[in-house]
Amino acid sequence: MKKMITLFVNDKEYEIAVLPNRTLTQVLREDLSLLGTKEGCGLGDCGACTVILDGRPVNSCLVLAVQANGSQITTIEGVAEGQSLHPVQQAFVDHGAIQCGFCTPGMILSAKSLLEKNAHPTELEVREALSGNLCRCTGYQKIVEAVQTAAKTMKKTSGRKRG
Amino acid sequence: MLLLPKFDYLEPENMRSALELMASLKSNAKIIAGGTDIIVNMKKGIISPKHLVSLVKVKELFGLEQRKKGIVIGSHVIVSELAESNLLWKNYSLIAKAASVLGSPLVRNRATIGGNIVTARPAADLPPALMAVGAKVELKSKKGRREVALDEFFLGPGKTVIRPDEILTKIILNELPPFSGGDYIKLGHRKALEIAIVAVASRVTLDKPQGIIKNVRIMLSAVAPQVIHAVSAEKILMNEKPTDKLIERAATLAMQDCRPISDIRGGAEYRKEIVKVLTKRTLANAVKEVNRKKVKSER
């Protein structure tokens, strides 16, 4: 039997009826047409389906949509501010940290969560925070560099805002 | 895409209705907490419960609190919270350490302490650390509650003493005696999303800083169907000063205390060697922690 749930996705409220056996990945992609969230392994190993759920990045393929009832969710579509890319997104573009792009939404959401908690991560902390997101193209180096660059840019802009 | 089989999803409003529900549904129902294990098994078709029961509304399962004599952790506390808890780093650092190497950050943000226990995986990270400090679990059913030491909780891979109508509600950590220290080390092929080749959790209690060992637990993981004590290693350490030489001897004995198998992650002989290395390192770090704590409290 379908259940009524409410999701707050990228600051927008959605009321939907879902079957209990549908994952959050499925509902985001198929019901809300938010195709930025990818499904890779479907088993919590690859991190392509990463979304930020109530402030923490999670594998949305291992969350039932009914379990997310009432939650705040950020997908990759909610990261940019209007037409301007988020500093992490911009850094990924600038550093060539995107090749096929399948892991990128998850990588960016994990990196964004890290930088919100820890504005000055070491290289090890970056690698650790991204360790649940697998990339088969880049060899990770450019991704790590992009996150470190984003950390610096974010520091500068937040300093400017304050000043 | 891996699809989930059909099931009914239930969210009881409080503990009482949860217990009623489990009593009436019994083996037809499974509890879903973080889902990082059960959803994988359901997608793979290994299990197909008729009902999934979520206890998300049962608030008492989500606390991590200091009590008069120790710490009580609700079964639904997520692993990230354990890894971030100052209370745990201060009093039971080996548990926080085990939590910080479980799965990946994404898994740790969903997986719960109770889930890591009830699934009874031979290479799970939290049980050895919890057993090294003598943790107990509280099991509740409509008929009543009971406390079971983790030492007696596991029966084999995937098998525990929990009955189908019971819910694991909390994990009870009794206060450790003064001059206690511990450590947990897992060896994997890589640093994340890894299942242990071997893991060792050790805890020592001395009579005073630089003193003799009054109590010791060495838990070996992934080298037997369930976590085991390194019995003979524990025995020769009792009432002795933890010198490097004695720790070396204990580590050699720990090799003989385990019966690992050869599998895709490592050979039996290799695993035995690693048991020795990790027993030595965890014991040495546990003793170091005792002496470090003492220095801190003197300041």
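Two strands count as paired when DSSP finds at least two bridges between them. The model discussed here is predicted.

Me: What is the order of the strands in the open sheet of chain B?
Reply: The sheet is open and has five strands, with antiparallel pairing. Its edge strands, each pairing on one side only, are β4 (64-67) and β7 (144-149) of chain B. From one strand to the next the twist averages 25°. The order is β4-β5-β10-β6-β7 (chain B).

Me: Which residue in β7(B) is the bridge partner of B:Val137?
Reply: β6(B) and β7(B) run antiparallel and are joined by six bridges. In β7(B), the partner of B:Val137 is B:Val148.

Me: What angle does the direction of α1(B) make with that of β6(B)?
Reply: Helix α1(B) packs on the sheet, where it touches β6 and β10 of chain B. Its direction and that of β6(B) make an angle of about 75°.

Me: Within what arc do the buried residues of α1(B) fall?
Reply: Helix α1 of chain B covers residues 15-25, and its buried residues are B:Ala18, B:Leu19, B:Leu21 and B:Met22. They line one face of the helix, because, seen down the axis of α1(B), they fall within an arc of 160°.

Me: Which exposed residues does α1(B) carry on the face turned away from its buried side?
Reply: The buried residues of α1(B) are covered by elements of chain B including β1 (8-10), β2 (29-32), β3 (51-54), β6 (136-141) and β10 (167-174). The face turned away from that buried side carries the exposed residues B:Arg16 and B:Ser24.

Me: Which residue of chain A is in contact with B:Pro5?
Reply: In chain B, the C-alpha atoms of B:Pro5 and B:Lys43 are separated by 7.2 Å, although the two are 38 residues apart along the chain. Leaving aside neighbours within four places in sequence, B:Pro5 is in contact with B:Met42, B:Ser48 and, from chain A, A:Asn21.

Me: Which strand of chain A gives the largest share of the side that touches chain B?
Reply: The contact takes 23 residues from chain A and 24 residues from chain B. On the side of chain A, nine residues are nonpolar, ten polar and four charged. The largest share of that side is four residues, and they come from strand β4 (residues 56-59) of chain A.

Me: Which residue in the turn between β1(A) and β2(A) has a positive phi?
Reply: Strands β1 (residues 3-9) and β2 (residues 12-18) of chain A pair in the antiparallel sense over seven bridges. One of the bridge pairs joins A:Phe8 to A:Glu13 in β2(A). The strands form a hairpin with two residues between them, and the turn residue with a positive phi, about 50°, is A:Asn10.

Me: What is the radius of gyration of chain A?
Reply: Chain A has five helices and five strands, in the pattern β-β-α-β-β-β-α-α-α-α. The globule rule gives 15 Å for 163 residues, and the value for chain A is close to that, so chain A is as compact as a globular protein of that length; its radius of gyration is 16 Å.

Definitions and conventions:
Residues numbered from 1 in each chain as written. Chains lettered and ligands numbered in written order. Predicted model: local features only at pLDDT ≥ 70, side-chain atom pairs only at ≥ 80, totals over all residues. Buried ≥ 20, exposed ≤ 12 C-beta atoms within 10 Å, placed from the backbone. Arc of directions from axis to C-beta. Contact = placed C-beta atoms within 7 Å. Nonpolar A, V, L, I, M, F, W, Y, C, P; charged D, E, K, R; others polar. Rg over C-alpha atoms; globule rule 2.2 N^0.38 Å. Axes fitted to C-alpha atoms, helices over the stretch in contact; angles between N-to-C directions.
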